[in-house]
Amino acid sequence: MKRPITLVFLLAAAVLCGNVSYNTYTVGIGWFLVKSQAAFEPTEVLYGEFLSPEDLFVRDGKLYVADSGNSRIAVLDGKEVSYLAEWEVLNPQGIYVDESGALYIADSWARNVYKYDERGAQTGVLSRPDSPLYGKSNDFIPLKVAADRRGNVYVLSQGVTNGLVVFNKDGKFVGFFGANEPDVTLRMILQRLFFTQTQKEQLLRIKPPSPGNLVVDDSGLVWTVTSGLTDKAIKRFNVAGTSIYGEIDFSSSDFIDLDIDAFGNVYALSSNGLIFIYDSYGNLLFLFGGQSYYENRRGLLRSPVAIDVAEDGRIYVLDKEDGTITVFSPTAFGSLVLKGVSYYNQGMYLEGEAIWREIQKLNSGFLLTYKVLGNIEFKRDNYGQAFDYFSLAQDMRGYSEAFWHLRNDWLQRVVGLLFMALVALAVFDLVRSVLKRGKIKPRARAGREIKFRLFRELRASLKFLKNPFDAVYEMKRNGAVSFSTATLLYIWMYVQNVLILYLASPLFVGFRARNIDFLALFYDTYRLLFLWIVGNFLVSEISEGEGTFKHIYIGTIEAFLPILLFALPLALVTNLLTLNEAFIYTFSMQALNVWSLVMLLIVISQVHNFTFGETVKNVLLTLFAMLLLALLIFLVLILLREEIDFFVSIVQELIFHAG
């Protein structure tokens, strides 16, 4: 039945003028969120006789709303409204309309999914599968629903962690699809290590989080969004059920719904009213919106529950608390960016160049611009300019490919000169040898005694590389390396880590490596070393090892001399490598790590005078002691924090009463 919209709908101002009540952000140079021109602005607010609406869907100019409180589906078509399935459904939580106009309704109270044709007649019902593959413990409480072009229906059921429940076009259950992976925490690992079998049986099994919403895009691929996750909150699945959408840097753990436009751009809605727009590769284009708590402000939402994008690019957001639908229309700048992104997603860089040049003029901080311009210059063989653009965009793949061409051009220019220089050097050395032939060689002078103690001990440290057995003996018996010199080596380890982040190629340490958190780097550098030294000392005291704390302290850092000497030169070499030669750096660092670990085993055996079997036992016990120490420190920090909070609360209480 249709009624005039004036009876049930009040249309707010068709076009809202002036500045919007929220800021719009994008990713800027340096990979930071920066303010941008408004990309979307609220142009309409639809008020209706909705009671606790839960979902909406836009198809062919019609707006479908799951009016849950009134047990019906409202259909907005221009200035008219009609209702479907009125009193035929109990609590519609999710709706979907396919290309033929068929309507799917997920009814959580009836525990069914209903299918209606375009005339509003019910044509099918999906209920809990009776297949043993479904599982006896899995209930069927449909919350959201979607369908693909082949007629497969995907149902998100409350409490089902196996993924989406899939039915074929005949209504037969065919399995689960798109499950999340379980998130295993350190706490769970420790519980499994130290709890008894009885305690383990009382623990809940590790289960992955259940998706919160889903959508099927125009190409037939299924997308899900999961609240509580961040990097992997949004997933796009291929037909095999494997997620093929990469991790996104700017995400939210509060995502509740998403939709995909015709160009593959992702529109994600968070529970706090923020709208995130990503391109098909996961690059954040825009972030805008917000939540209104005390007053109605245009574009801000109270309790958003659903988002959908129309064919014309307008965004519809459903607010459950107010029972309203806010319509966001793209601005001139937003339309320009989305048009440029459509060319970019199709690899049509040159065709969209004029658009991206215009975007650069309007907003020089828009990061994606430089990634696209880098591809444009690369296609034109302007590798130097492309390299600069890729560097600004922090695009590793483009940066590596442009650098390869620049390096190749440089080698072609200098390889001839280098060859001639080597030949000249060889000739010079040959002439010098001929002129010196027959002359009496001067007697070699005896090596001078190294007067400075530090230099003498550093020279003694180098013996660990040649013969660690003798070097440990010299350290224990003759004090060849002192405690203070070893401390300097420990300090150098931290300084070296800082220098590597500054001097290595961004392809190997990341473009944001120079934004160093020095305290976190200090913690990462020394935490395992501290646990190793203390743990090995405690274990060795029990197992009657001969080494003292000083010997363990010195011997441990000496074992890592390969890394202390060669890690920084290797980091410098990365500036000559591309991603295709990454194995050179990776293999070299692995060789240094293995070398250091072998030396550590030798040092431990010689410091404590252990046999090989005793050394292996000592190392295993030390690793166990490190785990116990880490757990003890963790518990102490928790208790200390509780004590501090208790003390602060007492002080605040005293101040309150004194005032």
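A residue is called buried when its relative accessible area is under 20%, exposed when that area is over 50%, and partly exposed in between, using a 1.4 Å probe and protein chains only. By that rule F286 is buried, with a relative accessible area of 0%.

The model is predicted: local features need pLDDT of at least 70, side-chain atom pairs count only at pLDDT 80 or more, and totals for chains, interfaces and linings use all residues. Residues are numbered from 1 along each chain as its sequence is written, and side-chain values use heavy atoms, with hydrogens and water left out.

**Aromatic pairs**

Rings of Phe, Tyr and Trp (for Trp, its six-membered ring) pair if their centres lie within 6.5 Å; planes under 30 degrees apart count as stacked, over 60 as edge-to-face and the rest as tilted. The count by this rule is 37 aromatic pairs. Two of the pairs are set out here.

| Pair | Centre to centre | Between the planes | Class |
|---|---|---|---|
| F286 and F366 | 5.9 Å | 50 degrees | tilted |
| F387 and F403 | 6.4 Å | 40 degrees | tilted |

Helices (H or I, at least four residues) and strands (E, at least two) are DSSP runs numbered from the N terminus. F286 lies in strand β24 (residues 284–289) and F366 in the loop between α5 and α6, so their pair ties together parts that are 80 residues apart in sequence. F366 is buried, with a relative accessible area of 1%. In the other pair, F387 belongs to helix α7 (residues 383–393) and F403 to helix α8 (residues 396–436), 16 residues apart. Both F387 and F403 are buried. Elsewhere, ring pairs link Y22, F40, Y267, F288 and F328 into a cluster.

**Helix α5**

Helix α5 spans residues 353–362, and its buried residues are E353, I355, W356 and I359. These residues cover an arc of only 160 degrees around the axis, which puts them on the same side of α5; the arc is that of the directions from the helix axis to the C-beta atoms. The exposed residues A354 and K361 sit on the face turned away from the buried side of α5. Contact means heavy atoms within 4.5 Å. The buried residues of α5 pack against α4 (332–345) and α6 (367–379).

**Helices α16 and α17**

Helix α16 (residues 561–573) and helix α17 (residues 582–608) pack at an angle of about 175 degrees, with their axes 10 Å apart. That makes α16 roughly antiparallel to α17, a label for angles over 145 degrees, while those under 35 count as roughly parallel, 65 to 115 as roughly perpendicular and the rest as oblique. Axes are lines fitted to C-alpha atoms, for helices over the stretch in contact, and angles run from 0 to 180 degrees between N-to-C directions. Among the residues making the contact are F566 and L570 of α16, and Y585 and W595 of α17. The contact residues divide into 11 nonpolar, 3 polar and no charged. Here Ala, Val, Leu, Ile, Met, Phe, Trp, Tyr, Cys and Pro count as nonpolar, Asp, Glu, Lys and Arg as charged, and the others, Gly among them, as polar.

**Two single residues**

T324 is in strand β27 (residues 324–330) and counts as buried at 5% relative accessibility. Leaving out residues up to four places away in sequence, T324 touches V45, L46, Y47, V317, L318 and D319.

K232 is in the loop between β19 (222–225) and β20 (234–237). With a relative accessible area of 43%, K232 is partly exposed. K232 touches E181 and E247, not counting residues up to four places away in sequence. From C-alpha to C-alpha, K232 and N180 are 9.1 Å apart in space, and 52 residues apart in sequence.
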